[in-house]
Amino acid sequence: MNFFKYKTKYDADASGHFGPYGGRYAPEMLIPALEELEEAYMKAKNDPAFEKEYMYYLKTYVGRPSPLYFAENLTKHLGGAKIYMKNEGLNHTGAHKINHCLGQALLAKRMGKKRLIAETGAGQHGVAAATVAARFGFKCTVYMGEEDMKRQRPNVFWMQRLGAKVIPVMEGSRTLKDAVNAALKDWITNVRDSHYILGSTLGPHPFPSMNRDFQQIVGYEVKKQIQELEGRQPDMLIACVSGGSNAMGLFYRFLEDPSVRLIGVEAAGEGVRKKGRHASRFAGGRLGVIQGYKTIFLQDKEGNIAQTHSISAGLDYPGIGPQFAYLKDKGRVEFSAATDKQALKAFNLTVKHEGILPALESSHAIAEVIKRAPKMSRDNLIVVNISGRADKDIFIVAKALGDTEWNQFIKEQAK
Amino acid sequence: MKLMTHVVVGYPDITSTIEIVIAMEQAGADYVELQIPFSDPIADGPTIMKACDIALKSGVTLKDCFKVMKRLSSQVSIPLFFMGYYNTVFSYGVEKFCHDAKSAGAYGLIIPDMPPDEEEHEHFIAASRKHRLAQIRVVTPASSNHRLKLNAQVADEFVYCVSHYGVTGSSVQLTKSLVPYINRVKKHFNLPVALGFGISTPAHIRSIKNIVDIAIVGSAIIHTIDSSSSNKSMLSNIKKLVRSLKI
């Protein structure tokens, strides 16, 4: 029972700084809430009863451990490294987001909060937040950019069924970063009875460290699973990175194993040379302080957040989790990017060869596998994080693939 | 009681911003905040957010804000503050920002998302000191005594108290808890006390008159801009509003 005591040399200092990144650049109205949260989290971390409760629900409610699956057909097809898929898409609610939602909900319960506030992009975090709210008896409000509500309609429907109030955000680009602003403002207003269940490894301290700790279960399981299956540790881990929660979940327990290469994949959208049409922070982003923390943001020359684009609503956030910015500086995590087209191609290939429907976000990670696996030896092991399943993406995928029968169906339904 | 009013630079346009500030001084404003438009103003409600958005869409830059400050500081005699978000300062360069703000005639800075806790990394408060810009600290009813003390150590001129839990422009009921809160602030700050967020009417001002030294009015000015049919009526409506708030 020491799950939450795990530490690495890449962790934040006492005030939440990962080298020059991270911190707590919040307006004064939020700082007391962040201090309260940090204190409650530090206490919970050291309480065996908290860990026991978290593990109990991970097993019985979330359905953990999620399988580590040998993608035999894709491996043969690509003709290189052995490819394993960590299938977080099989979790309750269909993605890794439930891991940190569960942790935060248990924490909010301890703190005596009555209400959860969440932001969501793809809707996976929103659904997971609404789910734990229903399970543990919280009221729940989810902020979602109007643009994302259009893109991820099925998740909106399920959040509402789960009892959450879904509020469309009409400001700015009407996507995830605007939903974060709206959620922060709700928290400023209702900080006494509400917990902000922030959905990634970003934002002011302690969110990046806390969500990482709740997500580390992913890599913790992989370490054991691959040992059982292969008798050794993998050579490479690959995951898509927006804020970074799924990638940090997979990578964290491997940070101090230098033999394991760690690859983060950003969304290249329509190509990283097209300004405003991608979400690769390491292609054109620079250091900034926005939404309560310091990291690499895509921004204009005046420091305003720039427009971004990705086919996947979960990857178009303009800032990267601060620990990832630090890990890149330290040379511990390498970054790459996959375009919308490459992600779709990876999606199709995975469906065809493995009968697995990866979320479009996760398809970006698979696109990187397609680039790398053929160049590697057959003895090499790659683990790719399938952070979620694609049910939510049915409208986007059908549209992108130009499926005429689906279009006909939609038209008929609309009658 | 003193009054601080507020504009978003470039809303509804640059020329109007200059005229509005001059009109405000004529009507009795004692301080004016010139807000630098920013894409993600985290402490602001919908009214100021929209004004920022419109100013940015019309192409207002930080350079424009310096120019407006320069023009105004030569034409009005009341202190003018830059209000903005830290990434604007950081992106431009902290030292350069403070230097240029001072040269343009700014009296002080109100940057709500740069807490003293991060000073060690940013040297922002030090830079504003060096350039003799007043450092206005913002505190809230949620601020613990420890946080009040921390902010008091670096505060100049007056302390900016947020009236309630919420963002700018949100409706406010000035409750009984205001008095103990302001008393708590006064224990830590040896400075005049300003109160803002949701203050928009003469009735509000009267209710806080004996509690604080300065009233801060922001969103209400933008509402007046929005509800005026012409530039001329806008200026006279703003003057009327400011006069009514000067009690």
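Just after helix H12 of chain A, Gly331(A) takes a positive phi of about 75°. Helices and strands here are DSSP runs numbered from the N terminus, with at least four residues (H or I) for a helix and at least two (E) for a strand. The model is a predicted one, in which local features need pLDDT of at least 70, side-chain atom pairs count only at pLDDT 80 or more, and totals for chains, interfaces and linings use all residues. Residues are numbered from 1 along each chain as its sequence is written, while chains are lettered from A and ligands numbered from 1 in the order in which they are written.

Let us stay with that helix for a moment. H12(A) covers residues 322–329, and six of its eight residues are buried, so the rest of the structure largely encloses it. A residue is called buried if 20 or more other C-beta atoms lie within 10 Å of its own, exposed if 12 or fewer do, and partly exposed in between, with C-beta atoms placed from the backbone. The buried residues of H12(A) are Pro322(A), Gln323(A), Phe324(A), Ala325(A), Tyr326(A) and Leu327(A).

**Chain A as a whole**

The secondary structure of chain A comes to 16 helices and 14 strands. Of its 415 residues, 61% count as buried. Along its principal axes, the C-alpha trace of chain A spans about 55 × 55 × 45 Å.

An automatic or database domain assignment supplies the domain bounds: domain 1 of chain A is 25–61 + 96–211, and domain 2 is 65–94 + 217–400. Their C-alpha centres lie 22 Å apart. Across the boundary, 34 residues of domain 1 are in contact with 39 residues of domain 2 of chain A, where contact means that C-beta atoms, placed from the backbone, lie within 7 Å.

**A covered strand**

Strand E14 of chain A (residues 381–386) is mostly covered, with six of its six residues buried. In a regular strand, side chains alternate between the two faces of the sheet. On one side of E14(A) are Leu381(A), Val383(A) and Asn385(A), on the other Ile382(A), Val384(A) and Ile386(A), and all are buried.

E14(A) pairs in the parallel sense with strand E4(A) (residues 82–87) over six bridges; two strands pair if DSSP finds at least two bridges between them. In this pairing Lys86(A) stands opposite Asn385(A). Strand E9(A) (residues 236–240) also runs parallel to E14(A), joined by three bridges, and Leu237(A) has Val383(A) as its bridge partner.

Ile382(A) is among the residues that touch the most other members of the largest nonpolar core, which has 223 residues. Such a core is a set of buried Ala, Val, Leu, Ile, Met, Phe, Trp, Tyr and Cys residues joined through C-beta atoms within 7 Å.

**Chain B and the interface**

In chain B, nine strands form an open sheet with parallel pairing, in the order E5-E4-E3-E2-E1-E9-E8-E7-E6. The edge strands, E5(B) (134–135) and E6(B) (137–139), each pair on one side only. Four bridges join E1(B) (residues 2–8) to E9(B) (residues 214–217), and Met4(B) has Ile216(B) as its bridge partner.

Where the chains meet, 29 residues of chain A are in contact with 33 residues of chain B. Helix H8(A) gives the largest share of the chain A side, six residues.

**Backbone details**

| Cis peptide bond | Omega |
|---|---|
| His205(A)–Pro206(A) | about 15° |
| Tyr11(B)–Pro12(B) | about 0° |

Pro206(A) lies in the loop between strand E8 (194–196) and H9 of chain A, and Pro12(B) in the loop between E1 and helix H1 (14–27) of chain B.

Arg174(A), a residue other than glycine, has a positive phi near 60°. Arg174(A) sits in the loop between strand E7 (165–169) and H8 of chain A, and counts as partly exposed because it has 18 C-beta neighbours inside 10 Å.

Note on methods:
Contact = placed C-beta atoms within 7 Å.
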